[in-house]
Every structure is written in structure tokens, then in C-alpha cells.
Amino acid sequence: MTLRNLREKAKDVILNVGDMVIDLATGQVGLLVRRDRRISIEEDDVYFWHVRWTSDKGDPTSTVNPIWMEEVGLKLSILAGMLEYHSSIQENFRKK
């Protein structure tokens with residue numbers, strides 16, 4: 001699958017406040033707590049998610065994942081299988 005195809009599929013991933021992601025490499029669990037819009041010179045709008053990470057050791061200061069994640073990058077990480085995604089609502093992917 002090409003990057004262009006992945007970017008198209010990423011449009012079908014609907015993220016919401018309260019959704020949970022699990023980093024499969026580190027085992028850390030992240031909760032999506034806020035979505036922010038930022039203006040970019042190259043693109044009109046860029047969205048970032050504030051993610052609260054926990055660690056399996058129970059020490060929130062030991063997290064290695066970024067607190068802010070760009071939305072498209074987050075969606076691509078979900079589609080690529082780097083992050084396991086759990087929606088806070090019933091449907092997490094748009095039906096076609």
C-alpha cells in the first residue's frame with residue numbers, strides 16, 4: 001500500500017476525546033484529551049492531539065511518547081499497526 005493510499009484511508013479514522021491508544025512497542029497507554037488546531041504555512045490547518053500517557057510501571061514521568069501528536073501522523077500510526085486504537089464511542093471508523 002502506498003503512502004497516498006494510507007493518507008486516503010487515514011481520512012476514515014475518526015478520533016475523539018476519550019479515545020485510547022496503546023503503543024505496541026512500549027506498552028504505554030495514551031488517552032486523547034484535547035484536539036488543537038494550528039495554522040501552517042504549507043497547509044491551511046494542522047490538528048494536534050494532546051495525549052496523556054501512562055506506563056506499565058505506573059510512573060507517568062517515565063513516558064517516552066510525545067505529549068502532542070499531529071493528527072495525520074497519529075492516524076497513520078494506527079493504520080500501520082504501531083498503535084492499537086480503542087474508540088470511546090461505538091464506531092471508530094467511518095462506514096463507506
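Hi everyone. Let me start with the pocket: H1 and H2 each supply at least two residues of the lining of the largest pocket. Helices here are DSSP runs of H or I with at least four residues, strands are runs of E with at least two, and both are numbered from the N terminus.

Before going on, this is a predicted model, where local features need pLDDT of at least 70, side-chain atom pairs count only at pLDDT 80 or more, and totals for chains, interfaces and linings use all residues. Residues are numbered from 1 along each chain as its sequence is written, and side-chain values use heavy atoms, with hydrogens and water left out.

Back to the pocket. Its volume is about 200 Å³. Grid points are joined across faces, edges and corners, and the volume is the space filled by probe spheres set on the points.

Which residues line the largest pocket? They are Arg4, Arg7, Glu8, Ala10, Lys11, Glu71, Val72 and Lys75. H1 gives the largest share, 4 residues. By class, the lining has 2 nonpolar, no polar and 6 charged residues. Here Ala, Val, Leu, Ile, Met, Phe, Trp, Tyr, Cys and Pro count as nonpolar, Asp, Glu, Lys and Arg as charged, and the others, Gly among them, as polar.

Now the two helices themselves. H1 covers residues 3-10 and H2 residues 71-79, and they pack at about 105 degrees with their axes 9 Å apart. That makes H1 roughly perpendicular to H2, a label used for 65 to 115 degrees. The axes are lines fitted to C-alpha atoms, for helices over the stretch in contact, and angles run from 0 to 180 degrees between N-to-C directions. On the H1 side, Leu3, Leu6, Arg7, Lys9 and Ala10 meet Val72, Lys75, Leu76 and Leu79 in H2, contact meaning heavy atoms within 4.5 Å. That contact has 6 nonpolar, no polar and 3 charged residues.

On to the sheet. In what order do the 5 strands stand? The open sheet runs S4-S3-S2-S1-S5, with antiparallel pairing. S4 and S5 (83-86) stand at the edges with a single partner strand each, so one side of each is left without a neighbour in the sheet. Neighbouring strands are turned by 40 degrees against each other on average, direction ignored.

Let's walk across, remembering that two strands pair if DSSP finds at least two bridges between them. S4 (residues 68-70) is joined to S3 by 3 bridges, with Trp68 as the partner of His50. S2 and S1 (residues 20-23) share 3 bridges, and Met20 stands opposite Leu31. These two strands form a hairpin with 5 residues between them, where Gly27 in the turn has a positive phi of about 80 degrees. Finally, S1 and S5 pair over 4 bridges, and Ile22 has Glu84 as its partner.

Note on methods: Angles under 35 degrees count as roughly parallel, over 145 as roughly antiparallel, 65 to 115 as roughly perpendicular and the rest as oblique. On a 1 Å grid over the protein atoms alone, a cavity is a set of points where a 1.4 Å probe fits but cannot get out, and a pocket is an open set with protein on both sides within 12 Å along at least five of seven lines; lining residues have an atom within 4 Å of a point.
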